[in-house]
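Work through the exercises below with the model open. Each task is followed by a stepwise solution.

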Amino acid sequence: MPIRELQTKPYNDQKSGTAGLRKKVAVFQQPHYLENFLQSIFDVETSLRGKTLIIGGDGRYYNREAIFTAIAMAAANGVAKVVVGQGGLLSTPAASHLIRLRKAGGGFLFTASHNPAGPDGDFGIKFNVAGGGQAPEGLTTRIYEHSKTIQRYRVAEGANLDLDRRGLQKLEEMEIEVVDCVEDYSALMQSLFDFDRIREWIKKGGTLRFDAMHAVTGPYAQRILVEQLGAATNAVMNATPLEDFGGGHPDPNLIYAKHLVDLVHSPASPDLAAASDGDGDRNMILGRGIFISPGDSLAMLAAHLDKLPGYRGGLKGLARSMPTCRAVDQVAKALKVEFHETPTGWKFFANLFDAGRLTLCGEESFGTSSSHAREKDGLWAVLAWINVLAVTGLSVREIAEQHWRRFGRHYFARHDYENLSTATAASVTQALADANAHLPGKTYGDWTVTQADEFSYHDPVDGSIAVHQGLRVVFGDAARIVLRLSGTGTEGATLRLYLERYEKLETALGWETDSAVAPLANAAEQIVRIGELTGRKAPNVIT
Ligand code: G16
C-alpha cells in the first residue's frame, strides 16, 4: 500500500464558520475537495505528526467515505495512531472527551450538526485541537490561507479497513483503534452525576422521554438512560442513527421537536422530555406543560449545580454567549462568581475552561456544557437536569417557578431570516450599525436605549480580540435587541434577531413568550426595518 503524493488545485472556499467547514454534500463530493482541506490541516498543524488523532462523525451520509479518506491521509502524514468510533460514530462531546483522555494531538469530527443530512443535505468537518476544543480562529485562518494555494496532498492508497470491528488494525506505520463510541463517555458521566440517586428516582416513578432524532445520540441515550439508569424501553425515541436522520431535521427546538412540545402538554407527559441534535452537542429541555428556554436552563442549572457530585466544590465561573439572555448573569451575581460574556461559538469558552476560570456555560442555540469537556454536551445537560430533579424532588415546573420568583424572568425569542442574499443581509446589519450612534436616549414603548454598539471580545486569557461579533441595542437590564449573521448556514445568508425582555413582577412571570416580546419585535422593526430591507413579512423560523 504505497503512500502517494497527488496533484490538486485549490477551491478557494474552505473558510471555516462558527463551527468548522460546512457545505452541501455535493460540494464535499467534488474531486479532492475533502483531501485539500484535510491536507491543509496536516500542513499547518504539523504537531499532529507522531501523535494520536481522534476521528468520528454523526453518522450522516458521506461519513464513512470521509473517515476512510481521513485515515488514509493521516497514515500518509505521519500520524502515529488513529482512534475511531465503531461504525464511524462519535458524538461531538464524546470526541472532545476522547481527545483529552487519550492526550491526542487533535480530532476530526465529521458533522454538519443539526443541518439536514442525506445526498442533498449538508456535510461538514470540525477540527478540534489538543485539549479537546475547536480550533481557534487564528489557526482556522491559517488553514484557510493555505487551502488557497495547495498543490498536492498525501494519501496511503489501497487501505482495507473495517470500521465495524473493535480493536487494533494497522495501516503503513500507523495504528488504528476502533473503539466503542459510548464507553468512555458514559464513564465520564458516571463520575459527574449521582447515578444511584437517579436510578432510585426512576424506580419511584420518575419518567423520561429522550428523542435522539435518528442521529448520533441514540446509542448513548440507549446505553445510559435505559441500560444503566433503568428508564423504560420507550424512554428513548428514534434511537437508531440513520444516514439521512430519517428525513428529519435534528435541531432540538420548538419547531423541529414540536412533537415533544405536544407530548408535554398532553396527559401522557413524562416528568422530563428532551432532545439532542445531529452530533449530540445541543439539548432541549421540557417538563410537564413547560418548555425551558436555553438561557433559563443555563441559569437554573447554575443555581443547582453544586448539588451534583462532580460540582460539589462550587463554581469557578459562569459564562454565556452575547446573544444568550442574561438570566445567568443574575445567578452569577447572587453566587458571587466570575462571569464572562463571549461571542457566539463554543471555541470562545475553551480558554476560560483551560485557565480554570469557568465551570458552566451556555448559548441560546440550545448549547450547555461544563468544564468536563471542551464542547457543548446535549446528553450532559439532560443528565444534569435529571440529577437535579432526583436531588431536589421538585418537578421541572417547580424548579422554573422557584427560579423566576427569586431572580425574575427573562423572556427570549430568536427570529431567523434564512436564505437572504449576502447583499441584503449586509444592508440590514449596515442599517443598524449606522443607526447605533443616534439610538442612546431614544425611547421605544416603555424602554429607553442605554447603549447601542457592536460587540467585540477581549479574551482575558490570551489577550486576543474578536471584532464584529453582533450588534446590540440595550435598554438597561429591562430589555435587549441583538442582531447578527449566522456563521453555520450553507445556503445564502441567515440573519438572527434576538429579543430579550426581563420582568421581575410576580404577575408577569407566567406570560406567554410571544406576547411578552412582541413590543420588542415592533421596536426592532422601527429601528432596523428588516421587513422593508428584506422584503420579508415575517421571519422563517421563530424559536
Ligand atoms: C455552532 C457553534 C455554537 C453556535 C452555533 C450557532 O453550533 O458550535 O457555538 O452557537 O453554531 O451559530 P450561528 O448562530 O452562527 O448559526 P453547532 O451545534 O451548529 O455546532
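**Exercise 1: the ligand shell**

Task: count the nonpolar, polar and charged residues in the shell around the ligand.

Solution. The shell has 2 nonpolar, 10 polar and 9 charged residues. Here Ala, Val, Leu, Ile, Met, Phe, Trp, Tyr, Cys and Pro count as nonpolar, Asp, Glu, Lys and Arg as charged, and the others, Gly among them, as polar. In total, 21 residues surround the ligand, each with a heavy atom within 4 Å of it. The closest are E363, R484, G487, T488 and R496.

The model is predicted: local features need pLDDT of at least 70, side-chain atom pairs count only at pLDDT 80 or more, and totals for chains, interfaces and linings use all residues. Residues are numbered from 1 along each chain as its sequence is written, and side-chain values use heavy atoms, without hydrogens and water.

**Exercise 2: polar contacts and cover**

Task: find how far polar side-chain atoms of R22 and E363 lie from an oxygen atom of the ligand.

Solution. For R22 the distance is 2.8 Å. For E363 it is 2.6 Å. The side chain of T488 also has an N or O atom 2.5 Å from a ligand oxygen. Next, take the cover: the protein covers 100% of the 470 Å² of accessible area that the ligand has on its own (Shrake-Rupley method, 1.4 Å probe).

**Exercise 3: a salt bridge**

Task: which residue forms a salt bridge with K258?

Solution. Look for a side-chain nitrogen of Lys or Arg within 4 Å of a carboxyl oxygen of Asp or Glu. The partner is D262, with the closest N and O atoms 3.1 Å apart. The structure holds 39 salt bridges.

Definitions and conventions: A polar contact is a pair of N or O atoms within 3.5 Å; within protein, one must be able to donate a hydrogen and the other to accept it, and residues adjacent in sequence count only if both atoms are side-chain atoms.
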